[in-house]
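Hi everyone, thanks for coming.

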Amino acid sequence: MVAGALVLGSDYRGLAVVRSLGRRGIPVWVLCEGDDVLGAKSRYTTKQLPLAGENDAERCSFLLQLAAEHGLDGWALFPTSDEAAAMIGRAHERLQERFILTSPPWSVLRWAYDKRLTNRLAESLQLPHPHTWAAESAAEAADLDLEFPVIIKPAIKEELNQLTAAKAWRVDDRGQLRERFAEAERLVEPSLLMIQELIPGAGESQFSYAALCDRGRPLASAVARRTRQYPADFGRASTFVETIEPRPEIVEPSQRLLAEVGFSGLVEVEFKRDPRDGELKLLDINPRVWGWHSVCQRAGVDFPWLAWRLARSEPVPASRCEPGVRWLRLSTDLPTSLHEIARGRLPLGSYLRSILSRHESAIFAKDDPWPALLEFHLLLLTLLRRLRHGNAV
């Protein structure tokens, strides 16, 4: 069997990986988890299986057993979520006995996975980032000397609950801070909770530097503006993105971060410009394929394929995305944008021009239409299932 790839996760991020590799004749198996099955429905998916195991150790054993039973030695592992990347990072030595790995070991990955360590890294490099506080109880949180609004968010996301699914909760006054922190600590260990200033501004002030790195050295890169996201204030995912010309204020701090930890693999570094002081502030480091990476293929850089080549020690040509290429996920962009239009925060004309402009679709592809035909049905089933269980996250 020709060496191929195992994609851990079957959402739209995984779908773009499947298409990237499958179009080049590389066999791709998709390991599905939860409600997301879009990647598994692609014509380029060779085989689909459930991702078995309740914890890191069980999932690592499952992958090793899968390799032994099906002769998958030398196949590449592509995580599409922070949790999958963390599992591979922690089990790096065991997994690389059979697989080639496209994401870094835990000693590197932990700086992106744990947001407390991300802040510490930013401080050591003197990079601007949002002010952050910690508290051991709701009473202690309410006594903190801070200005509102702030957000409450988890430092790591190890399980799905209302807070981790929402990504963050907005808090506008001291009484609400006490109430929301008390609610949060019932879901997440208090030591893992972060209280952080909310940087004002919408998507036009949000930027990303994305790259494929080899021990901290970028081989291929992209710079983008994440114009819209879902939900609008601090979204779980981007919904409308445009590649832009590289800017030193974005590229230089990103490259310093990645060089400092010696990052290898695919990564996205997120920033937001603070209108109060004009500084670009570090928000997150995503140590795996990011949501909008399929736009980069249209812009001239096929990141999953290049990551596959790098993992196999094959030459990777230096490359950079062209500016002005747009990406849209209509199914999540439309409801968010309609809400923003109703609130007067998004001009209708501007929105119509953006969705009518030429763009890369997150889901639809002429050579692979089936996932797009299934998407609405799958989203509806997911929503109904979650509402039935009393959880609409």
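The largest cavity has a volume of about 50 Å³. By cavity I mean a set of points, on a 1 Å grid over the protein atoms alone, where a 1.4 Å probe fits but cannot get out; the volume is the space filled by probe spheres set on those points, which are joined across faces, edges and corners. This is a predicted model, so local features need pLDDT of at least 70 and side-chain atom pairs count only at 80 or more, while totals for chains, interfaces and linings use all residues. Residues are numbered from 1 along each chain as its sequence is written, and side-chain values use heavy atoms, leaving out hydrogens and water.

Which residues line the largest cavity? Among them are Val-108, Trp-111, Leu-257 and Phe-263, where lining means having an atom within 4 Å of a point. Helices α5 (106–113) and α10 (248–261) each supply at least two lining residues; helices here are DSSP runs of H or I with at least four residues, and strands are runs of E with at least two.

The second largest cavity holds about 30 Å³. Its lining includes Phe-78, Thr-102 and Arg-288.

Now, the sheet. Four strands form an open, antiparallel sheet in the order β6-β9-β7-β8, and strands pair if DSSP finds at least two bridges between them. At the edges sit β6 (132–133) and β8 (169–171), each pairing on one side only. β6 and β9 (193–197) share two bridges, and Trp-133 has Ile-195 as its bridge partner.

Conventions. 1 Å grid on protein atoms, 1.4 Å probe; cavity = no way out; pocket = protein on both sides within 12 Å on 5 of 7 lines; lining within 4 Å.
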